[in-house]
Amino acid sequence: MAVASVGPGVPPPAAGPGAGPGPAEGADVFFVALSAGFTSLSHPLLYVKLLVQVGHEPLPPTLGRNLLGRKVLYLPGFFTYARHIVRVDGKKGLFRGLTPRIISSTLSTVTRGQVKKAFPLEDMEHVSNKDDVKTSLKKVVKETSHEMMMQCVSRVMSHPLHVISMRCMVQFVGREVKYGGVFSSIGTILKEEGFWGFFVGLIPHILGDVVFLWCCNLLAHFINTYAVDDSFNQASVIRSYTKFVMGIAVSMLTYPFLLVGDLMAVNNCGLRAGLPPYTPVFSSWIHCWKHLSAQGQLFRGSSLLFRRASPSAAFLFD
């Protein structure tokens with residue numbers, strides 16, 4: 001956002017008494033509200049995804065056919081699973097764990113904004129088509145490092161509420177009420193696990209974020225530099241979508257980090273979904289990764305529409 005320039009060392013004019021919030025503050029409030037709204041709308045989808053991630057399959061698979069006409073077993077998709085939750089808990093049940101998730105999302109948005117203010121983007125040079133290969137690569141590395149710093153700080157700040165939200169949601173599996181309000185959940189975690197209990201599953205989440213950012217930005221840069229010819233009349237349009245397309249592709253590759261992080265957040269916390277027979281008690285996130293890899297389940301929950309039942313997967317049907 002452009003602002004009026006002032007001379008070096010000259011402070012900007014102070015707002016008078018009764019003046020409303022400035023454009024920057026208004027934009028911050030808007031993005032926080034937008035983030036909270038999107039979080040609320042997407043919560044049922046994340047809720048169903050988490051229950052699938054922990055291996056909770058309350059409905060049996062159904063027989064269907066694939067594109068080749070072969071008979072295969074399909075697990076219930078998002079809409080069937082959501083209807084089951086509504087039958088058990090009512091429509092409000094689809095929003096179990098929403099409050100801590102909104103707080104987590106708000107903390108993440110506010111933290112990113114504060115980091116941006118502390119390290120303004122205006123101080124950085126953005127990549128230009130006029131740059132040579134070496135210069136443009138340096139700028140991409142610098143921009144990605146800045147994004148990584150913002151993402152890591154916001155992830156650390158918001159993760160405790162993320163853990164609480166995950167645990168509130170998986171109580172659906174065992175019908176527990178151990179984690180209720182935000183403050184009571186904070187007290188429970190402090191009492192049973194101590195301060196570090198708020199950060200279980202943080203490392204795989206951060207690693208996933210870092211791998212995603214670097215792969216996405218570098219791949220987009222190399223494709224725009226070496227694969228998109230400037231002589232093509234739609235080159236600028238293609239370049240503008242490259243990063244978006246790369247983001248979708250890379251997010252699939254980094255999904256196992258998200259899965260492992262979420263499973264570690266609920267593992268061995270006193271809830272049925274985090275204890276045998278649903279899942280072993282993991283000694284570390286690497287142990288969790290190896291266990292899922294051995295079962296061929298590193299991408300469990302990545303798709304919620306067409307979920308083919310894997311013969312090697314171990315599901316518990318209620």
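Two strands count as paired if DSSP finds at least two bridges between them, and strands are DSSP runs of E with at least two residues, numbered from the N terminus.

This is a predicted model, in which local features need pLDDT of at least 70, side-chain atom pairs count only at pLDDT 80 or more, and totals for chains, interfaces and linings use all residues. Residues are numbered from 1 along each chain as its sequence is written, and side-chain values use heavy atoms, with hydrogens and water left out.

**View A. Strand 2 meets strand 3 in a hairpin.** Strand 2 (residues 62-65) and strand 3 (residues 71-75) run antiparallel and are joined by four bridges. Look for L63, which stands opposite L73 in strand 3. Five residues lie between the strands, and G69 takes a positive phi near 85° in this hairpin.

**View B. Strand 3 also pairs with strand 4.** Strand 4 (residues 307-308) is antiparallel to strand 3, with two bridges between them. Here you can find Y74 with its bridge partner R308.

**View C. F78 and F79 form an aromatic pair.** Rings of Phe, Tyr and Trp (its six-membered ring) pair if their centres lie within 6.5 Å; planes under 30 degrees apart count as stacked, over 60 as edge-to-face and the rest as tilted. The whole structure holds eight aromatic pairs. In the pair of F78 and F79, the ring centres are 5.1 Å apart and the planes stand at 70°, so this pair is edge-to-face. With a 1.4 Å probe and protein chains only, buried means under 20% relative accessible area, exposed over 50% and partly exposed in between. F78 is buried at 15%, while F79 is exposed at 57%.

**View D. F195 and W196 form an edge-to-face pair.** Their ring centres are 5.3 Å apart and their planes are at 75°. W196 is exposed, with 65% relative accessibility. Ring pairs link F195, W196 and F199 into a cluster.
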